[in-house]
Structures are given as C-alpha cells and as structure tokens.
Amino acid sequence: MRTPGEKRIFGPVPSRRLGLSLGIDVIPRKTCTFDCVYCECGETTDKTCERREFCAVRDVLDDLEAHLSRMKEKPDVITLSGSGEPTLYLPLGELIDGMKRLASLPVAVITNSSLLWMPEVRDALARADVVLPSLDAAEDDAFRRINRPHELVSLPRIIEGLERFLKDYRGTVLFEILLIKNYNTDTRNIDALKAVLGRMRADTIQLNTAVRPGTESEIEPLDDISMHRIRNLFGPRCEVIASARTSRTRHEETDLEETILSLLARRPCTAEDLHRALGMSMENAESILQKLVASGAVVGKSVRGTLYFSAPRRDT
Ligand code: SF4
C-alpha cells in the first residue's frame, strides 16, 4: 500500500529505449511474478500471479493530469513500469485507454512477459502503442536461475503467450534480453533464444546487461565483446543498448530533492544518471546527493568502482 504522499508518477526520465519517458507505477513495490537475480528494486516480497486493482484508475488519471499540468513540455511517452510487474494490474486496459485519452501521448508497457498466456492480459496490452517484453531465457534451467519465477509461470506458457500476442499486435515491439554472465549466457540458452525469437515479430531485440546493483551481489555484467558477439548471432534487428544519453534538459519539477528521492527509491543511480535524467548540472547533482547522504535520506554504494546512490521507498 502507498502512503498518501507516495508518488505513482516519476520523471520524466531518459529511457534507454523510449526517449524522455514519464513513468507510471501502479504496482506495490516488489509485487511481481519473478524474483530476478538482477532486479534493481530488491528482492520480490510478494511473488504472485493474482491480478488486482491495487489502486483506482480514476486516482491514477487524476495524478497524471495534475503532473502533466505542471510540466511546460510534454514527455515523449508515458510508460507503465516501476518496481513490480505492470500486467498484474487488473484494469490495465482501462488505464491505458484512459491515459491515451487524457494525455494524447503514446503509451508503452514494460513487461516480463510472464502473464501473456492469459487472454485478458493480451487484450489489455494490445491497447498500448509500444510493448517492451523481456525474455532472458528460452532454456528451462537458465530461466529458473535468472528469473526465479512464481510456480504458475512456466517457460512454455511464456513463449506460447508471446507468440499469440505478437501474431495480432500492430504496435511497436522492443524485446529486451538481459544477459548475466554464467546465468543465461551459455551456448544452449543463446541458441534456444535465437530459435524462439526467430519465430517472433519484433522491431528490435535489445541486449542489455546488469550495470547497476541487483538482488544478488555476485552477479556480473557481460563484457562488451561477448555482448557484440551475441548481437551478431541474432542478426540485424538486434542491438546492444548503451546507457541513456540525452542532451535534453526538460526537468520541470519544483521540488528537485523530492524528485531525486523518488527516482532513487525506484532504482540506484549515479550522479551522472541524475544529471542526464533531470537536466541538472553535475555539480548540482553531486551537491544535492552529498546533502541527502549527510541527512541519512540516501546511501551510497560502490559497485565495481562506480558509486550508486539509493533511497528507501516511502511506502509500507
Ligand atoms: S526485474 Fe522486473 S521482472 Fe524481474 S523481479 Fe524485478 S520487477 Fe520483477
């Protein structure tokens, strides 16, 4: 549950894949069908396949309307994402329709693909302009090790659901595969992924690796050479995605510290991430971070020589 001050809307932030994205999070923290080893939001505390109306559609739309009215420029896209699996939201289709009517902006949904075997989830997702499904494994051992799914979620169900959904879906499809060394990078899994994705429509297949701290501390990102070797195996629609880089400075929030805390509660960021995400100078980002660390609101952690900052969530 959220406290009254808890924000459902965050950003806009530069998305690696979508441009400047206004994020909407309608799922309680770490309510998910998976418990991925690389999750930036911590361990899954409610592993479930039960779809629920965690908050009223009307309340989300009211928040969105108020947020947009404070922004001088619109973001490029509204993205349903956050610290849980968005397709667990029961009135997902109604929410997508409502956001499109309200904002006249494209709506994107980031999903782990786990519930696409449900016809009602496919119907809801079909209303989005962009769907970003992930599929980290097509071989059962790798799938269980890296995604640690709920018992009702199986790989054949995910693959069948994806195939059914993509057969009829007309929007943009940006697949993501997150590669973690020694979890899903063996030849068997890569060959299986190549075979499965070869049967599916996708505008791009984007390869990512864990650059931020995950649930398991021992996870290691895949090196650049291996990433590019796998990209070449997957063919021309596959790309390696780099850190978000944007020169745009569209931060419209009045309360910068609040915005930074809201961002850091969702995922660890470096000072440079904040500089890019919020259009603030590096000096300003570093000085606010120092202040927040000194007050105890934010903690810093060095991961392979890079300093990440995170803040505790302000929900229960
Ligand atoms: S990375 Fe996404 S799918 Fe995996 S546990 Fe975290 S929220 Fe769930």
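These are my notebook entries on a predicted model.

**Entry: ligand shell**

I started with the residues around the ligand. I listed Lys 30, Cys 32, Phe 34, Asp 35, Cys 36, Tyr 38, Cys 39, Thr 44 and Asn 112. I then sorted this shell by class and got 5 nonpolar, 2 polar and 2 charged residues.

**Entry: aromatic pairs**

How many aromatic pairs does the structure hold? I found 2. One of them joins Phe 34 and Phe 143 in an edge-to-face arrangement, with 5.8 Å centre to centre and 75° between the planes. I looked up where these two sit: Phe 34 is in the loop between β3 (31-32) and β4 (46-47), while Phe 143 belongs to helix α4 (residues 140-147). The pair therefore links distant parts of the chain, its members being 109 residues apart. I also checked accessibility. Phe 34 has 4% relative accessibility, so I count Phe 34 as buried. Phe 143 has 2%, so Phe 143 is buried as well.

I went on to Phe 165 and Tyr 169, whose ring centres are 4.7 Å apart. I noted both Phe 165 and Tyr 169 as buried. Phe 34 of the edge-to-face pair is also among the residues around the ligand.

**Entry: arginines over rings**

I looked for charges over ring faces. Arg 145 lies over the face of Tyr 183, at 4.5 Å from the ring centre. Arg 157 lies over the face of Trp 117, with 3.6 Å to the ring centre.

**Entry: Thr 185**

I placed Thr 185 in the loop between β8 (172-179) and α6 (187-198). Is Thr 185 buried or exposed? Its relative accessibility is 18%, and buried means under 20%, so Thr 185 counts as buried. I found a polar atom of the Thr 185 side chain 3.1 Å from the backbone nitrogen of Asn 182. Leaving aside neighbours within four places in sequence, I recorded contacts of Thr 185 with Leu 179, Ile 180, Ile 190 and Leu 222.

**Entry: Ser 113**

Ser 113 is in the loop between β6 (107-111) and α3 (119-125). I read 0% relative accessibility for Ser 113, which means that this residue counts as buried. What does Ser 113 touch, not counting residues up to four places away in sequence? I noted Pro 133, Ser 134, Ile 158 and Leu 162.

**Entry: positive phi**

I checked two residues for backbone phi. Arg 148 has a phi near 40°, a positive value in a residue other than glycine. I located Arg 148 in the loop between α4 and α5 (155-168).

I found Arg 304 in the loop between β11 (299-303) and β12 (306-310).

**Entry: contacts of Arg 304**

I stayed with Arg 304 and looked along the chain. Val 211 is 93 residues apart from Arg 304, and their C-alpha atoms are separated by 9.4 Å. Which residues does Arg 304 touch, not counting those up to four places away in sequence? I listed Ala 210, Ile 219, Glu 220 and Pro 221. For Ile 219 I have a further entry: the side chain of Arg 304 reaches the backbone oxygen of Ile 219 at 3.4 Å.

Conventions:
Residues numbered from 1 in each chain as written. Predicted model: local features only at pLDDT ≥ 70, side-chain atom pairs only at ≥ 80, totals over all residues. Heavy atoms only, no water. Near = heavy atom within 4 Å. Nonpolar A, V, L, I, M, F, W, Y, C, P; charged D, E, K, R; others polar. Phe/Tyr/Trp six-rings, centres within 6.5 Å; stacked < 30°, edge-to-face > 60°. Helix = DSSP H or I, 4+ residues; strand = E, 2+ residues; numbered from the N terminus. Buried < 20%, exposed > 50% of the residue type's maximum accessible area, 1.4 Å probe, protein only. Lys NZ or Arg CZ within 6 Å of the ring centre and 35° of its normal. Polar contact = N/O pair within 3.5 Å; in protein donor to acceptor, adjacent residues only side chain to side chain. Contact = heavy atoms within 4.5 Å.
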